[in-house]
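Q: Please take one part of this model and look at it closely. What packs against what there, and which side chains meet?

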Amino acid sequence: MLKTDTRQANWRRANPGKYDAHLAVQRAVNAGELEKQTCEVCGIDTVDAHHDQYDEPLKVRWLCRRHHTRLHHYGEDMFPIRDAF
C-alpha cells in the first residue's frame, strides 16, 4: 500500500485498475512482449501508451505526449489517425 500523499499516489489509490494496466504495459515492454510503436498521429518515436479500455491492458495506442494530452483534453476529433486506411 502506498504511504505517501502525493498527487500521483492519490491517483493510484483512486484508480487501481488503471494503475494495474499501466504496470502491465511497462512490464510487457521491459520483457520484450510489447513493442513501442511511433505516434499514430505524427510518427514521432517518443511515445506514451494510451488505453481506450483498461480491461484490455495490453491493447494500447501509441501517442506522443502532445497528442496523448490533446486526446484526453479535447477528444478523438482533434486529429486524424495516421494510416487509418
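A: **Helix H2 and its surroundings**

The buried residues of H2 pack against S1 and strand S2 (60-63). Helices (H or I, at least four residues) and strands (E, at least two) are DSSP runs, numbered from the N terminus. Buried means under 20% relative accessible area, exposed means over 50%, and partly exposed lies in between (1.4 Å probe, protein chains only). Packing here rests on contact, meaning heavy atoms within 4.5 Å.

The model is predicted: local features need pLDDT of at least 70, side-chain atom pairs count only at pLDDT 80 or more, and totals for chains, interfaces and linings use all residues. Residues are numbered from 1 along each chain as its sequence is written, and side-chain values use heavy atoms, with hydrogens and water left out.

Now the setting. The protein has three helices and two strands. From the N terminus on, they run α-α-β-β-α. Of the 85 residues, 27% are buried. Among contacts between residues at least 6 apart in sequence, 37% join residues at least 24 apart.

Back to H2 itself. The helix covers residues 16-31, which is 16 residues. From its first C-alpha to its last, H2 reaches 22 Å, close to the 22 Å expected at 1.5 Å a residue. That expected span is 1.5 Å times one less than the number of residues. The buried residues of H2 are Ala21, Ala24, Val25 and Ala28. They cover an arc of only 95° around the axis, so they sit on the same side of H2. The arc is taken from the directions running from the helix axis to the C-beta atoms. On the other side of H2, Arg27 and Asn30 are exposed. Gly32 follows H2, with a positive phi near 80°.

Next comes the loop between H2 and S1, which holds Glu40. Glu40 has a relative accessible area of 16% and therefore counts as buried. The side chain of Glu40 makes a polar contact of 2.7 Å with the side chain of Arg61. A polar contact is a pair of N or O atoms within 3.5 Å; within protein, one must be able to donate a hydrogen and the other to accept it, and residues adjacent in sequence count only if both atoms are side-chain atoms. Glu40 and Trp62 are 22 residues apart in sequence, yet 6.1 Å apart in space, C-alpha to C-alpha.

The structure holds zero disulfides. The criterion is a pair of cysteine sulfur atoms within 2.5 Å. Cys39 is buried, at 0% relative accessibility. The closest cysteine sulfur to that of Cys39 is in Cys42, 3.7 Å away, which is too far for a bond. Cys64 is buried as well, at 6% relative accessibility. The closest cysteine sulfur to that of Cys64 is in Cys39, at 3.8 Å, again too far for a bond.

Strand S1 (residues 48-51) brings in Asp48. Asp48 counts as buried because its relative accessibility is 16%. Its side chain makes a polar contact of 2.6 Å with the side chain of Arg65. Beyond neighbours within four places in sequence, Asp48 is in contact with Arg61, Trp62, Leu63, Arg65 and His68.

His68 takes us to helix H3 (residues 65-74). With a relative accessible area of 14%, His68 is buried. Its side chain makes a polar contact with the side chain of Asp48, at 3.3 Å. Another polar contact, of 3.1 Å, joins the side chains of His68 and His72. Leaving aside neighbours within four places in sequence, His68 is in contact with Asp48, Ala49, His50 and Leu63.

H3 as a whole buries His67, His68 and Leu71. Seen down the axis of H3, these residues fall within an arc of 105°, so they line one face of the helix. What covers them includes S1 and S2. The face turned away from the buried side carries the exposed residues Arg65, Arg66, His73 and Tyr74. Just after H3, Gly75 takes a positive phi of about 95°.

To sum up: the buried residues of H2 pack against S1 and S2, and S1 and S2 are also among the cover for the buried residues of H3.
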